[in-house]
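Hi,

Here is the structure I promised to pass on. Have a look at it first, and then read on for what turned up.

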Amino acid sequence: METNLITRSFEESIKAKKDFFNPENIALVRRAALEIVASFKAGGKLLTAGNGGSAADAQHLAAELVNRFAI
């Protein structure tokens with residue numbers, strides 16, 4: 001029973017990610033990235049925030065931008 005729950009949880013996560021990556025969403029992510037870059041180049045900043053797990057995601061994003069990561 002537990003194995004089925006674990007498998008189902010992973011399968012649902014994979015499906016959600018696959019469903020997200022359609023041409024429209026990819027274009028929106030690209031546009032957001034270009035806006036963030038333009039803001040930084042103009043001396044602006046990016047504010048991140050969240051509550052609970054979203055706060056951890058916001059902190060992670062901020063750390064990635066501060067600590068030069070390799071692509």
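**What turned up**

Arg8 counts as partly exposed, because its relative accessibility is 44%. One thing to keep in mind as you read: this is a predicted model.

Let's stay with Arg8 for a moment. Its side chain meets that of Glu12 in a salt bridge, at 3.9 Å from N to O. Both sit in helix H1 (residues 2-20), and being four residues apart there, they are separated by about one helical turn.

How many salt bridges does a search of the whole structure find? There are two. Besides the Arg8 and Glu12 one, Lys15 pairs up with Asp19, with 2.6 Å between the closest N and O atoms. Asp19 comes out as partly exposed, its relative accessibility being 44%.

Now for the aromatics. The structure has one aromatic pair. It is made by Phe20 and Phe21: their ring centres are 5.1 Å apart and their planes stand at 85 degrees, so this is an edge-to-face pair. Phe20 is partly exposed, at 35% relative accessible area, while Phe21 counts as exposed with 54%.

Val29 is part of helix H2 (residues 23-41) and counts as partly exposed, at 44% relative accessibility.

Cheers

Note on methods:
Residues numbered from 1 in each chain as written. Predicted model: local features only at pLDDT ≥ 70, side-chain atom pairs only at ≥ 80, totals over all residues. Heavy atoms only, no water. Phe/Tyr/Trp six-rings, centres within 6.5 Å; stacked < 30°, edge-to-face > 60°. Buried < 20%, exposed > 50% of the residue type's maximum accessible area, 1.4 Å probe, protein only. Helix = DSSP H or I, 4+ residues; strand = E, 2+ residues; numbered from the N terminus. Salt bridge = Lys/Arg side-chain N within 4 Å of Asp/Glu carboxyl O.
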